[in-house]
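Please consult the sequence and the model displayed below.

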Amino acid sequence: MANTYTQIYIHAVFAVKYRQALIHEDYSERLYHYMVKVIKSEGQIPLQVNGMPDHVHLAIRLRPNASISGLMRVVKSNSSRWINEQKFLPHEFRWQRGFGAFSYGQSQVNRLIQYIRNQKAHHARKSFKKEYLRLLRAFEIEFEEEYLFDWIMER
């Protein structure tokens, strides 16, 4: 796109179906690298990918020709297919429906990347549910808690 200049930074978060802890350490790094390749194959710029056994965080510089929902659909469908093809689990792997997406300014990007890199330390103090609710509230996103995720582990 000639004469189009943008700087769009997105923090995307999505969970494993029923928030099950299925992203095991023995393959999590390979999964994150695979997601980086998928994001690049869509013409977008991955800045950081990391997560926990039950969810994933992505920091992405989004080009103006992309839709967030389209990119998340591709990342989630390709990564779940990859996990299933690798046979890491004795059953089918699936992501929870939906995702969270939060926009950041350029001056906030380094802090966002560090936050995503330090997920283990962060979650030693705070559950995913509390983290996700905090993000929604901090970004003033209206929501109904019963429709966020299937919180089977914390009901």
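Is Asn 84 buried, partly exposed or exposed? With a relative accessible area of 27%, Asn 84 is partly exposed; buried stands for under 20% relative accessible area, exposed for over 50%, and partly exposed for values in between, computed with a 1.4 Å probe on protein chains only. The model is predicted, so that local features need pLDDT of at least 70 and side-chain atom pairs count only at pLDDT 80 or more, while totals for chains, interfaces and linings use all residues. Residues are numbered from 1 along each chain as its sequence is written, and side-chain values use heavy atoms, with hydrogens and water left out.

**Surroundings of Asn 84**

Asn 84 belongs to helix α2; helices (H or I, at least four residues) and strands (E, at least two) are DSSP runs numbered from the N terminus. Leaving aside residues up to four places away in sequence, Asn 84 touches His 91, Glu 92 and Phe 93, where contact means heavy atoms within 4.5 Å. Lys 37 is 47 residues from Asn 84 in sequence and 17 Å from it in space, C-alpha to C-alpha.

**Helices α1 and α2**

Helix α1 spans residues 25-41, and its 17 residues reach 25 Å from first to last C-alpha, close to the expected 24 Å. The expected span is 1.5 Å times one less than the number of residues. Helix α2, with 19 residues, reaches 27 Å, close to the 27 Å expected.

The buried residues of α1 are Tyr 27, Ser 28, Leu 31, Tyr 32, Met 35, Val 38 and Ile 39. They cover an arc of only 150° around the axis, which puts them on the same side of α1; the arc is taken from the directions from the helix axis to the C-beta atoms. An α-helix has 3.6 residues a turn, so residues three or four places apart point the same way. Asp 26, His 33, Lys 37, Lys 40 and Ser 41 are exposed on the face of α1 turned away from the buried side. The buried residues of α1 pack against β1 (8-15), β2 (45-52), β3 (55-62) and α2 (68-86).

In α2, the buried residues include Gly 70, Leu 71, Met 72, Trp 82 and Ile 83. Their cover includes β1, α1 and β3.

The axes of α1 and α2 lie 10 Å apart, and the helices pack at an angle of about 140°. Axes are lines fitted to C-alpha atoms, for helices over the stretch in contact, and angles run from 0 to 180 degrees between N-to-C directions. The two helices are therefore oblique to each other: angles under 35 degrees count as roughly parallel, over 145 as roughly antiparallel, 65 to 115 as roughly perpendicular, and the rest as oblique. On the α1 side the contact involves, among others, Tyr 27, Arg 30 and Tyr 34, and on the α2 side Val 74, Asn 78 and Trp 82 are among the residues involved.

**Residues with positive phi**

| Residue | Phi |
|---|---|
| Arg 19 | near 55° |
| Gly 43 | about 80° |
| Lys 87 | about 60° |

Arg 19 is in the loop between β1 and α1 and counts as buried at 4% relative accessibility. Lys 87 is not a glycine; it lies in the loop between α2 and β4 (100-104) and is exposed, with a relative accessible area of 67%.
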